[in-house]
Structures are given as C-alpha cells and as structure tokens.
Amino acid sequence: MNLNFSRVRSANDIIVSLSLIIAGAALMFLPYGTGLNIAGFFFLLTGVLFLALFKSMYKLEGTEETYYRKELYFKHEELEAIKKAVESGKPQIDVSKEGEGKTVKLDIYYSPKWGKSYIQLFEYIPYSYEPVTEIKGFNIAQIEKIIK
C-alpha cells in the first residue's frame, strides 16, 4: 500500500492569513501616525508569509480527503510492542510512555470528517527515520485513545 500525503492549507490557515493581510492594509492607511502604519506593514507582511508558507493539513493524494497529523515519539525499548500493536490491526498503544525518547516515531494521520486514520511506525537510524511498518489504515474509532 503506497499512500502519499502532501501538505495543504486548511480553511483556518487561509482565514488567519487573510485576516492579517486585511488588518495590516487597514492599519497602513489609517491617518493615526507612523507607528500604526509600520505595525500595519508588518501585519500585512506576516499575513502574506503565512499565506505562502503555512500549511497545517495533509491531503491523501488522489482524493479530496484532508487529514490532521500527529507525531508521537518513544524510547527504542517500545519498538517491538508498538510494531505488534500496529500490525495486529488493534492499535492499543500505551501513550503514557510517549515523549520519553526520540528513537521511535509513530506518525498518525486522522480525519474526523471522513472517519479514517493511517498509522506508520519509524525507527531512527542515524540521520533519518526509516519505516518499520507499512502505512496501515484504521477506523478513527480504533485510535481515538491515541490521538486524544
């Protein structure tokens, strides 16, 4: 299963960017002083940069489905337990141990709107994370405890 996710803009990203642009343009042209005009310029510049660079959602290539992404990091000792959980089809992963290490990474793409999720496990081999499992698809109800 070869699934590719690409970064896309969400509606919230566009709203924030446009709000900054509009507020910045309004402040630039108000006759209340140079300081306010300069602040408006920086708001406008920030909004343009956000519009160009800020992408917080992921889109499954070939579909219109958009997903959120969550990354969880674990110690190397947890690798086999997490691998078994992901491959078993019932991802019961102990997230209380998350954050204790950085050598095992669990990528979770989930969409409450579509009710789908995808999980892939990675292991850190010097200088990059290498996949340990294939991308596995799950119903979002199965991973609800992990993403909360």
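Predicted model: local features only at pLDDT ≥ 70, side-chain atom pairs only at ≥ 80, totals over all residues.

Trainee: Okay, D107 then. Buried or exposed?

Mentor: Buried. D107 has a relative accessible area of 4%, so it falls under the 20% cut-off.

Trainee: Which element is D107 in?

Mentor: Strand 4, which covers residues 104-111.

Trainee: What does the side chain of D107 make a polar contact with?

Mentor: The side chain of R69, at 3.1 Å.

Trainee: And which residues is D107 in contact with, leaving aside neighbours within four places in sequence?

Mentor: R69 again, with K70 and E71.

Trainee: Switching to F74. Where does F74 lie?

Mentor: In strand 3, residues 66-74. F74 is buried, because its relative accessible area is 0%.

Trainee: What does F74 touch, not counting residues up to four places away?

Mentor: Quite a list. It includes I82, I93, D94, V95, K97 and E98. G101, K102, T103, V104 and L106 are also on it.

Trainee: How many residues apart in sequence are F74 and T103?

Mentor: They are 29 residues apart in sequence. In space, C-alpha to C-alpha, F74 and T103 are 6.4 Å apart.

Trainee: Now the helices. At what angle do helix 1 and helix 2 pack?

Mentor: About 155°, with their axes 7 Å apart. Helix 1 is residues 11-29 and helix 2 is residues 34-53. Over 145 degrees counts as roughly antiparallel, so that is how helix 1 and helix 2 run relative to each other.

Trainee: Left-handed or right-handed crossing?

Mentor: Left-handed, as helix 1 passes helix 2.

Trainee: Which residues meet there?

Mentor: From helix 1, the set includes V16, L20, I21, L27, M28 and F29. From helix 2, it includes L36, F41, F43, L44, V48, F50 and L51. By class, the contact of helix 1 with helix 2 has 15 nonpolar, six polar and no charged residues.

Trainee: What is G24 in contact with, past its neighbours within four places in sequence?

Mentor: G40, F41, F43 and L44. Take F41: G24 and F41 are 17 residues apart in sequence, but 5.7 Å apart in space, C-alpha to C-alpha.

Trainee: On to the loops. Where is T133?

Mentor: In the loop between strand 6 (128-131) and strand 7 (136-139).

Trainee: Is T133 buried or exposed?

Mentor: T133 counts as buried, because its relative accessibility is 4%.

Trainee: What does the side chain of T133 reach?

Mentor: The backbone nitrogen of L121, at 3.1 Å. Leaving aside neighbours within four places in sequence, T133 is in contact with K83, V86, E87, Q120 and L121.

Trainee: Last one, Y127. Which loop is Y127 in?

Mentor: The one between strand 5 (116-125) and strand 6.

Trainee: Buried or exposed for Y127?

Mentor: Exposed, at 78% relative accessibility. Check its backbone as well. Y127 has a positive phi of about 85°, although it is not a glycine.

Methods. Residues numbered from 1 in each chain as written. Heavy atoms only, no water. Helix = DSSP H or I, 4+ residues; strand = E, 2+ residues; numbered from the N terminus. Buried < 20%, exposed > 50% of the residue type's maximum accessible area, 1.4 Å probe, protein only. Polar contact = N/O pair within 3.5 Å; in protein donor to acceptor, adjacent residues only side chain to side chain. Contact = heavy atoms within 4.5 Å. Axes fitted to C-alpha atoms, helices over the stretch in contact; angles between N-to-C directions. Parallel < 35°, antiparallel > 145°, perpendicular 65-115°, else oblique. Left-handed = near helix turned anticlockwise from the far one by under 90°. Nonpolar A, V, L, I, M, F, W, Y, C, P; charged D, E, K, R; others polar.
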